Amino acid sequence: MAKRRVKSSVKISFFIIITLLVGVIAIITIPEPKKNFNSDNKTTITNTTEKKKIKSAKLTLVGDLLFESPFYQSVKNGYDANNYFKNVKDYFFNDDLSIGNMEVVVGDDTLPVSGDGYNFCAPRYIGDLVSSLDFQILSTVNNHSYDRGLEGLVSTINYFKDNTSIKTVGTYLNDDDKNNYRVLDINGIKFGFLAYTYGTNMRVNSAERNMVSVYRNPDTRKFDDIAKENIKKEVLAVKNLSDIMIVMMHWGNEFTFEESAEQQEVATFLNELGVDIVYGSHSHSIQPIKMIGDTHKTLVYYSLGNFVSNDDDIARTPKGQETFDNAYQFGLLSTFNVIIDENKNISFDDIKTEPIVNYFDTAMNNWSLIPFKDYTEDYEKSHFRYSLGLTKDFINSTYTSVIDEQYR
């Protein structure tokens, strides 16, 4: 009897185990009911952690490229011009977009070289030298654009068009060239460019006025309603093709550390038109950087000063007052990021500047552009103008007094 009851218990236990296993397998293998995609009661699943799509580009801005006679003379005497930019090249190759102002005409075989008397025409090797820095865009409109008349203007445009990938803006071959707006696609961001000068040293022939962009009315020489309407038309046309609008201005008063009332007026007008960045040049000394505007923000560089300069003394500065002769010898190199999010909101990040010193020794030779962080005591004391007050203290005190701390 005992054996028979044990056997019956084993049978019952085995049956229970089999039943449980079948149930587990059934649960595992029951297919998920198909969703009825034609149902009116649809469910939308949103991934709230999805990252916004962001486009960005790193920019490098420098001021005037003003080559002058002492540099050409050094090259004739054996100085290797390729050494001039060797200490600053990395800035231009470690960014996405590099911008500058070509302050001199680039001549051809028929135009005589000139680097003094405020009438400038550079030899063609200067074009090669500038091109080695990997600029993407250069303004060619400034008070020296017409120093060699129409021939020099055309020669400069054609040099960069035929020999480089650099786009020039502000001077044009004809109306078709002018209306072929300069828009560059950088990392999926469309940057649009216009450039203007207050005027030229040599008066432009009336038939050639459209080839040189000025922000003042050529007839009244004022920033009046006619001038504003012309600029507005061009800015809106380029802005319509662009994500970021940059206007390059050759403006203000030479040898000043502050922007003029006209610069402020023009900057405000450009801000109201929706311009994003204003790049300023001409003063040959650094001027402030400001973020202006209420509903729309515009980053304004009133003047980056000189990037290239090759004169030891400027005749127009007051005798015995060396401040602006020394300020002439350094300018700003600025880098920053432009960011556009998926809603097309624009922001600027990591805006930095650094003084770049134009070095030449006591024999006015061995030219080199030196970032201030690398401007050693040996460079300082062997500079041609050291005894005239171009010291590290002068450079630093000028820089910190003109440029707000948030941009240093």
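**View 1. Lys178 and its partner Glu234.** Lys178 is buried in this predicted model, with a relative accessible area of 14% (buried means under 20% relative accessible area, exposed over 50%, and partly exposed in between, with a 1.4 Å probe and protein chains only). The side chain of Lys178 meets that of Glu234 in a salt bridge, 3.6 Å from N to O; the term stands for a side-chain nitrogen of Lys or Arg within 4 Å of a carboxyl oxygen of Asp or Glu. This pair links distant parts of the chain, 56 residues apart: Lys178 belongs to helix H6 (residues 175–179) and Glu234 to helix H7 (residues 225–239). Helices (H or I, at least four residues) and strands (E, at least two) are DSSP runs, numbered from the N terminus. Glu234 also counts as buried, at 10% relative accessibility.

A note on reading these views: residues are numbered from 1 along each chain as its sequence is written, and side-chain values use heavy atoms, with hydrogens and water left out. As this is a predicted model, local features need pLDDT of at least 70 and side-chain atom pairs count only at pLDDT 80 or more, while totals for chains, interfaces and linings use all residues.

**View 2. Asp177 with Arg182.** Here the side chains of Asp177 and Arg182 form a salt bridge of 2.9 Å, N to O. Both Asp177 and Arg182 are buried. The structure holds 11 salt bridges.

**View 3. Asp219 with Arg209.** Is Asp219 buried or exposed? At 62% relative accessibility, Asp219 counts as exposed, while Arg209 is partly exposed at 30%. Their closest N and O atoms are 3.1 Å apart in a salt bridge. Asp219 and Arg209 each lie in the loop between strand S9 (189–197) and H7, so the pair ties together parts that are 10 residues apart in sequence.

**View 4. A sheet of 6 strands.** This open sheet has the order S8-S9-S10-S11-S13-S12, with mixed pairing; two strands pair if DSSP finds at least two bridges between them. At the edges are strand S8 (182–186) and strand S12 (289–292), each pairing on one side only. Neighbouring strands are turned by 20° against each other on average, direction ignored; axes are lines fitted to C-alpha atoms, for helices over the stretch in contact, and angles run from 0 to 180 degrees between N-to-C directions.

**View 5. S10 beside S11, and H7 on the sheet.** Strands S10 (residues 244–250) and S11 (residues 277–281) run parallel and are joined by 5 bridges. Met248 has Tyr279 as its bridge partner in S11. H7 packs on the sheet and touches S8, S9 and S10 (contact means heavy atoms within 4.5 Å). The direction of H7 makes about 165° with that of S9.
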